[in-house]
Amino acid sequence: PQRQDSDAPIRQTDTDAAVARLSAAQKQYLNDPFVKYLVPRAQFQQPRPPLINIGTYVRTKGIDDLVEEWLSRAAKTGKQCQIVSLGAGSDTRFWRIATGPHQDVIKSYIEVDFHEITTKKAMSIKKSRQLLEILGNPDEIKLANGGTALHAPKYHLLAADLRSDPVDTLQELLTQPSNEHAILSAECPTLLLFECVLAYMTVEASSRLLQWFVNYFSANGNEEVAKANSPLGCIVYEMFGLNDSFGKVMLNNLRARNVSLPGAEPLTTIGSLISRFLDSGFQTARALTLKDIRRSYVESEELARISRLEFLDETEELDLVLAHYAISWGILIPSPADQDSWSD
Ligand code: SAM
């Protein structure tokens, strides 16, 4: 069908992200022993240029630090938490967390993407002894929905088009009691991840998605019911500020590959990233560019280690590129009793 074909370039961006992650891991920017099992051998390419490797490093480090902070807080409150990664593609974060110090804090980790991507990922998982071992008891690892979904004790891979009305898709997938894998509980602290995803959908579609989660955790504004609910956090990684001359070059490069960015073009300032959260009902929000994160949030020993890995002669260009990407995050705390332990 027409619609699927026009989405092929969007799905292709997952291969770009996975190949960039593989390259950064091979060049020792990142420690990711799992990415090689999720990138088909045919797509193993030359390593990406240093600028891309550094960008992948800063983005991953920034998101990792926030996720780590979230898991530590959940651990301190004695609660297990849920992570929902929307447009997860070939991401390996579940396996990294499941083999890391906070593995016991995870109650469930849910990934959602187009069915073409989830089918491919489910097959790669089924083929990899290393990935399967970490998923747990083999008897409890099952393909579902014609191979587009996979369920394991803590890990769930689900297919959906995130542009559809969440009431018709996510609500059914995640919360209907009639669905044996309806796994999302508003009583567990829950972190949403949108890593390079919202740019590909309209602002209306992404607001509807954020709003759906906010309504679910705030019990549609019923404060009495919401008291029993746990905090909802959300991390978004995205391009922004594409209205300047460098941004226009970035947009044109993507357009040449038939990728349009209806969700990123309206984001002209860092303030617009924060407003997106506040307008959807999150109580607090912050945002930092990758340029800021590299300058102020990466430890000096790490910066020194990174600078020794490869020679980078385009430092001005690096700053220009990193200034057009940002990590933003918001928190909703439905119960006043949680304010002290979860607010910033
Ligand atoms: N989050 C992963 C990462 O950072 O490595 C993948 C990022 S990739 C650039 C974007 C992903 O979002 C792709 O896997 C794509 O299929 C998915 N995606 C984009 N629009 C989507 C939609 N409407 N519904 C489901 N998935 C979508």
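This is a predicted model: local features need pLDDT of at least 70, side-chain atom pairs count only at pLDDT 80 or more; totals for chains, interfaces and linings use all residues.

Residues are numbered from 1 along each chain as its sequence is written.

According to an unreviewed UniProt entry, the feature "binding site" falls at Arg59, Gly87, Asp161, Leu162 and Glu195. These positions span 137 residues of sequence and are also spread in space, with up to 24.7 Å between C-alpha atoms. UniProt annotations may be inferred rather than shown by experiment.

The table places two of these residues in their elements, where helices (H or I, at least four residues) and strands (E, at least two) are DSSP runs, numbered from the N terminus.

| Residue | Element |
|---|---|
| Arg59 | helix H2 (residues 50–76) |
| Glu195 | strand S6 (residues 190–195) |

A residue counts as buried if 20 or more other C-beta atoms, placed from the backbone, lie within 10 Å of its own. Arg59 is buried because 24 other C-beta atoms lie within 10 Å, and Glu195 is buried because 21 do.

Contact means that the C-beta atoms of two residues, placed from the backbone, lie within 7 Å. Leaving aside neighbours within four places in sequence, Arg59 is in contact with Tyr237, Leu290 and Tyr325, and Glu195 with Ile63, Asp91 and Tyr237.

Around the ligand there are 20 residues, of which Asp14, Gly87, Gly89, Leu162 and Glu195 come nearest; a residue is near if its C-beta atom, placed from the backbone, lies within 6 Å. Helix H1 (residues 2–26) supplies the largest share of this shell, 5 residues.

Key. A residue is buried if 20 or more other C-beta atoms lie within 10 Å of its own, exposed if 12 or fewer, and partly exposed in between; C-beta atoms are placed from the backbone.
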